[in-house]
Amino acid sequence: MTNHLFGAFRAGMPAPGRLLMETDDGRSISYGDMLERSGQFAHALTQAGVRPGDRVAVQVEKTPEALLLYLASLRAGAVFLPLNAAYTLPELDYFFRDAEPRLVVCDPEKAMDIQSLAASVGAATLTLGRDGRGTLADRAALQPGDFADVARGPDDLAAILYTSGTTGRSKGAMLSHENLASNARVLVEHWRFGADDVLIHALPIFHTHGLFVATNVILMAGASMFFEQKFDPARVISLLPRATALMGVPTFYVRLLQQGSLTKEAASHMRLFISGSAPLLAETHNAWRERTGHAILERYGMTETNMNTSNPYDGERRAGTVGFPLPGVSLRIADPEDGKPLAQGEIGMIEVKGPNVFAGYWRMPEKTKAEFRDDGFFITGDLGLIDADGYVHIVGRGKDLIISGGYNVYPKEIESEIDALAGVSESAVIGVAHPDFGEGVTAVVVRKPGSTISAADVAAAIAGRLAKYKHPKQVIFVDELPRNTMGKVQKNVLREAYKDIYATGKAG
Ligand code: MLC
Ligand code: AMP
């Protein structure tokens, strides 16, 4: 048996001298370098006690070495567990306790604090910094480059990615080698990636979009990428003449459109612009087409399922839709209550099934069971419809979720923090249309009688507890929250009342 996912990358690998990535600080890494250095990193993992099936939790900045670590983890048969670099210590504490990693790799600047959290669950700690240096890299440098990939079958776990829950704790989505391999293979074909493609990779690599969709597609196609540490619109435009493809969240496209240097000419070498992770406004799609002559290809996915649908490569890329189910993916619109399939054109729950769909939530069999129908369809929590031409439209969310700049934010988590403050009676956190982030996290708070708690007090209390992107962009105080006859807070009423607070010119 081979290593299922890395074996698939090997099968598509071009000559060792071919470029895999060029970084923004001018480094070039070839496929041969990648093989050798990920082999060294795999030896270092094994030497640190990582055995097949062990979790390797990683909270580091985006560097080529961080990507080599992902590949090393696959090759060593471990389960890669990437964590957003913005997560705070209390957030990390939960992930470590739940996942029980064998090894934690973190930024050297945070090592003191993280080491004690890791030690409390019996994990060793190694470091990897934003310069690609640290104890892990030092150890790897002493290792030989040839590593015998650990055999892994299609159903073995390759990664766990945490997704926040509507209620309660974050859940670890277990992704198998075949979940990732099958999806990457389909996307390479569907989006026509080949060895001559050059992708602008400016996404973070701790989520499905940047780690799997972008990187796995490039590796599977034997292509190359500009590997950017951060998304910088002016820099992305300067790379367009040497690139062929860009993958981004809608905020990328909104910010690129603000650059005067974005012209048809600048984009003339590009083959494909792809958007996902959050809804792309039709007005952004149209403005992009007008400015560059390209129709952005929008697709739809999620952590648990990888990519489910995509607009066509040939044929009409229809604004405001996420296209058709990808080959091998079954998608239906069902009654949210009983799962009965609905007629074409009706709005209901989007449910999916296929080799892309995850293996369940880590150590949560009950939660896993609750999110699948008896016939194996996964209940996405997204509401949608299929139009007369077969295009899937996402029209809303059945889950109480905010997507800010492509990051998921669950209101419950923030409400719990705010409600715990001494001067607060209760709160409701909502997403409000925001010109840059798509939705802006907004807190509506009721003070306790006599309390003078301010927006700054709320912000100060949350700092250090929740990652920055989850912080409310505005905190609004009200006398009471609107409720329906059942006593449930009417978030739709709040969303309507505050819908203009971030309107252009007033953005907070
Ligand atoms: C940064 N900030 C955010 C934010 N990103 N606030 C809300 N939402 C976000 N997404 C905060 C910063 O901490 C900062 O706070 C302030 O906003 C301004 O920061 P910035 O410099 O403008 O942010 P920047 O670093 O440019 O980041 C914006 C971004 C980034 C859009 C480039 O958020 C990003 O890379 N998003 C991509 C997320 C992603 O990859 N999602 C895929 C999930 S997978 P302050 O107070 O310090 O000023 C998935 C499945 C699928 O969904 O289908 O793909
Ligand atoms: P995540 O859990 O971070 O993987 O986020 C997945 C969620 O992002 C999905 O359930 C959708 O709600 C949303 N999403 C992803 N792509 C799109 C898209 N193209 N349009 C609208 N929503 C999307």
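**Exercise 1. Ligand 1 and its shell**

Which polar backbone atom is 3.2 Å from an oxygen atom of ligand 1? Find it in this predicted model, then work out what else surrounds the ligand.

*Solution.* 
- Step 1: start with the backbone. The atom belongs to Gly301, and it sits 3.2 Å from an oxygen of ligand 1.
- Step 2: look for side chains. Arg299 has an N or O atom in its side chain that is 2.7 Å from an oxygen atom of ligand 1.
- Step 3: check the nitrogen atoms of the ligand. One of them has a backbone N or O atom of Gly405 at 2.9 Å. On its own, ligand 1 has 1000 Å² of accessible area, and the protein covers 73% of that.
- Step 4: list the neighbours. There are 23 residues around ligand 1, and the ones that come nearest are Arg255, Ser277, Arg299, Ser404 and Lys468.
- Step 5: sort the shell. By class you get 10 nonpolar, nine polar and four charged residues. At least two shell residues come from each of α8 (208–221), α10 (250–257) and β13 (297–302).

**Exercise 2. Ligand 2 and its shell**

*Solution.* 
- Step 1: count. The shell holds 16 residues, with Arg299, Thr303, Asp382, Lys399 and Asn408 the closest.
- Step 2: go through the polar pairs. Lys399 puts a polar side-chain atom 2.8 Å from an oxygen atom of ligand 2. The side chain of Asn408 also has an N or O atom 2.8 Å from an oxygen atom of this ligand. For a nitrogen atom of ligand 2, turn to Ser277, where a backbone N or O atom lies 3.2 Å away.
- Step 3: trace the shell to its elements. β13 and β19 (392–397) each give at least two residues, and β13 has the largest share, with five.
- Step 4: sort by class. That gives seven nonpolar, four polar and five charged residues.

**Exercise 3. The sheet**

In what order do the strands of the nine-stranded open sheet run?

*Solution.* 
- Step 1: write the order down. It goes β2-β1-β10-β9-β11-β12-β13-β14-β15, with mixed pairing. β2 (28–30) and β15 (324–325) are the edge strands, each pairing on one side only.
- Step 2: take β13. Its pairing with β14 (residues 306–310) is antiparallel, over four bridges. Arg299 stands opposite Ser310 there.
- Step 3: take β9. With β10 (residues 224–227) it pairs in the parallel sense, again over four bridges. His201 is opposite Phe227.
- Step 4: compare the two faces of β9. Side chains in a regular strand alternate between the faces of the sheet. Val198 and Ile200 are on one side and Leu199 and His201 on the other, and all of them are buried.

**Exercise 4. A loop proline**

*Solution.* 
- Step 1: locate Pro52. It is in the loop between α2 (31–47) and β3 (55–59).
- Step 2: find its partners. Leaving out residues up to four places away in sequence, Pro52 touches Ala76, Gly77, Val150 and Arg152.
- Step 3: Ser73 is 21 residues from Pro52 along the chain, and their C-alpha atoms are 9.2 Å apart.

Conventions:
Residues numbered from 1 in each chain as written. Chains lettered and ligands numbered in written order. Predicted model: local features only at pLDDT ≥ 70, side-chain atom pairs only at ≥ 80, totals over all residues. Heavy atoms only, no water. Contact = heavy atoms within 4.5 Å. Near = heavy atom within 4 Å. Polar contact = N/O pair within 3.5 Å; in protein donor to acceptor, adjacent residues only side chain to side chain. Areas by Shrake-Rupley, 256 points an atom, 1.4 Å probe, with all protein chains shown as cover. Nonpolar A, V, L, I, M, F, W, Y, C, P; charged D, E, K, R; others polar. Buried < 20%, exposed > 50% of the residue type's maximum accessible area, 1.4 Å probe, protein only. Pairing = 2+ DSSP bridges.
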